[in-house]
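This report describes one predicted model in plain terms. Please look through the sequence and the structure shown below before reading on.

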Amino acid sequence: MSVSGTHPGLSASLRAAATGSGPTAGLAVDVRCARKIYPNGLRALEPIDLQVRRGDFATLLGPSGCGKSTLLRMIGGLSSPTTGSVALWPEPAAEATDPRESGDPGGDRRVPSAADRKLGLAFVFQAPTLMPWASVERNVRLPLDLAGHEERAPDKVAAALDMVALREFAGVYPRELSGGMQMRVSIARALVTEPRLLLMDEPFGALDEITRNRLDREIRDLWARRSLTVVFVTHSIYEAVFLSTRVLVMSSRPGRIVGELEIGEPHPRTDAFRVSERFARSCKQLSDLLASASADAVGARTEAV
Amino acid sequence: MSSRAARWLAPAAVGVAVLLLWEGLVQAFHVPFYLVPSPVLVLTTLVHDAALLFSALLVTLRITALALLLAVALGVSIAFVFVQSRAVEVSLFPYAVLVQVTPIVAIAPLIIIWVKDPLAALVVCATIVAIFPIISNTTLGLRSVDPGLADLFRLYGARRWQVLIRLRIPSALPYFFAGLRVSGGLALIGAVVAEFVAGTGGTASGLAYQILQAGLQLNIPRLFAALLLIMLAGVAIFLLVSLAAHFALRHWHESELALER
């Protein structure tokens, strides 16, 4: 296995270190003290700090209801934090002015602006979320159409469909495709804008294991080829270990990050990795983290009673 | 026999059986034609009075078509206004219901007095009868947007009009057509009822007027023939609207896919 400076499988921390200096240099996502309290008083997220380095494949792993989707939606700008801030591609210069000192009463909040989105943010949801009335091609084109980027759109759509091996299905309607193919259309739509940051919310949760494993391999390859930054949400330990350079373990009620694990296995990862001892060890470490977190939570609740 | 053929043949057989029974009973009991005319007599009357009846049909159809177009244009516009804000919908929706529940026969005389042109008065009446399903279904449809797709549009910074054209309107189409199917029939009923109420004060030439006249003259076969034309017109409107829905939704919506499988 050769390791070179441009190899996408190179440990993400090394790559991040090479891209700049300063506290936020090399970061793709910077979440500071973000918490989410719903109007009904439900505490979905405790104040959370999360830094995702450029080129990371970061996975949020946790049980249902731990707020991992909420956190992802905050990063995507689909939900705003009750307090705290979320920044994408933070510049070291912007870091100099602390929003808490600006005197602006709402200054503690920050949601990604339209400018951030233009920098290339894409989201893949739990469901394929395709427009049933539009062909595969028109579904994939949607982000370009909305942005008014008509030029070279057909080429970009064709390229995105090539990436998920669905080019010959361009004229087909979503209902004619299987669940796995619909999900691949959804991924092609996310890639058509050539995003730098890809957010994925349990994208393969509803699929059978065989399809899920294949799509895991495909997404991992895409991440490596396109030097993407990915934030991935899952409740599958195996999926987290197979895909990630870094796994953040979350626990529920209220949601918080209770631990993290770097997965050093280089790219490409094949199915042989899934049955290796290193894979098993990482899975064990993660499940221990999850177990101790839920034990803590039970302990805390018992004390509270 | 294929199921497709059965769908046409079964109801046709029932119809033929009823007509034969009707003809047989009228003949057997020597029922006078001024009480119940036989089907054959109704058909011969239809042919005999064709000029009169078909021009009357055209008048009624014209009122119906104008009313339906007006109901669609107004109803869809009102639905667009409703979905702009909950406050607007909450403030105005009760009045839409008020229009819906007021019997048209009770307000038609007023409208006929207020609107000078008799044709326009009848169109207004029929529109009032037909508009509600369009308003309520289109409003529901424009609101029934897949939340995931709404998030997606937000993520890509879609503008309000882009959301309307690319997301809300396509989502609303199945609901709109369900409303249109009901409204098509209602527009015809509205046109006929309004003509009845207007009597000689209306255009004095539609099918309802012919029915009124035939009733007064005890020309029962003509009355039946006019009635038959109204029913056929209603069925034709239903089929036309269903065809339009099929062409608009055939590629993707479950309601139309079920027909193909």
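**Two helices of chain B**

The axes of helix 3 (residues 50-84) and helix 4 (residues 86-101) of chain B come within 6 Å and cross at roughly 135°. Helices (H or I, at least four residues) and strands (E, at least two) are DSSP runs, numbered from the N terminus. Axes are lines fitted to C-alpha atoms, for helices over the stretch in contact, and angles run from 0 to 180 degrees between N-to-C directions. Helix 3 of chain B and helix 4 of chain B are therefore oblique to each other; angles under 35 degrees count as roughly parallel, over 145 as roughly antiparallel, 65 to 115 as roughly perpendicular and the rest as oblique.

On the helix 3 side, B:Val81, B:Phe82 and B:Gln84 meet B:Val88, B:Glu89, B:Leu92 and B:Phe93 of helix 4 of chain B. Two residues are in contact if their C-beta atoms, placed from the backbone, lie within 7 Å. The contact of these two helices of chain B has 5 nonpolar, 1 polar and 1 charged residues. Ala, Val, Leu, Ile, Met, Phe, Trp, Tyr, Cys and Pro count as nonpolar, Asp, Glu, Lys and Arg as charged, and the others, Gly among them, as polar.

The model is predicted: local features need pLDDT of at least 70, side-chain atom pairs count only at pLDDT 80 or more, and totals for chains, interfaces and linings use all residues. Residues are numbered from 1 along each chain as its sequence is written, while chains are lettered from A and ligands numbered from 1 in the order in which they are written.

**Nonpolar cores**

A nonpolar core is a set of buried Ala, Val, Leu, Ile, Met, Phe, Trp, Tyr and Cys residues joined through C-beta atoms within 7 Å. A residue is buried if 20 or more other C-beta atoms lie within 10 Å of its own, exposed if 12 or fewer, and partly exposed in between.

| Core | Size | Residues named |
|---|---|---|
| Largest | 82 residues | A:Ala188, A:Val231 and A:Val249, with the most contacts inside it |
| Second, separate | 57 residues | B:Ile112, B:Val129, B:Ala130 and B:Leu188 among them |

Within chain A, A:Ala188 touches residues that include A:Val140, A:Ala160 and A:Leu161, not counting residues up to four places away in sequence.

Chain A has 11 helices and 9 strands, and 43% of its 305 residues count as buried. One of the strands, strand 8 (residues 246-251), holds A:Met250. A:Met250 has 26 C-beta neighbours inside 10 Å and so counts as buried. A:Met250 and A:Leu289 are 39 residues apart in sequence and 9.2 Å apart in space, C-alpha to C-alpha.

Where the chains meet, 16 residues of chain A are in contact with 15 residues of chain B. Helix 5 of chain A gives the most to the chain A side, with 3 residues. By class, that side divides into 12 nonpolar, 2 polar and 2 charged residues.

**A sheet in chain A**

In chain A, 3 strands form an open sheet in the order 2-1-4, with antiparallel pairing; two strands pair if DSSP finds at least two bridges between them. Strand 2 (43-53) and strand 4 (83-88) of chain A stand at the edges, each with a single partner strand, so one side of each is left without a neighbour in the sheet. Strand 1 (residues 27-37) of chain A is joined to strand 4 of chain A by 5 bridges. A:Arg35 stands opposite A:Thr83 in strand 4 of chain A.
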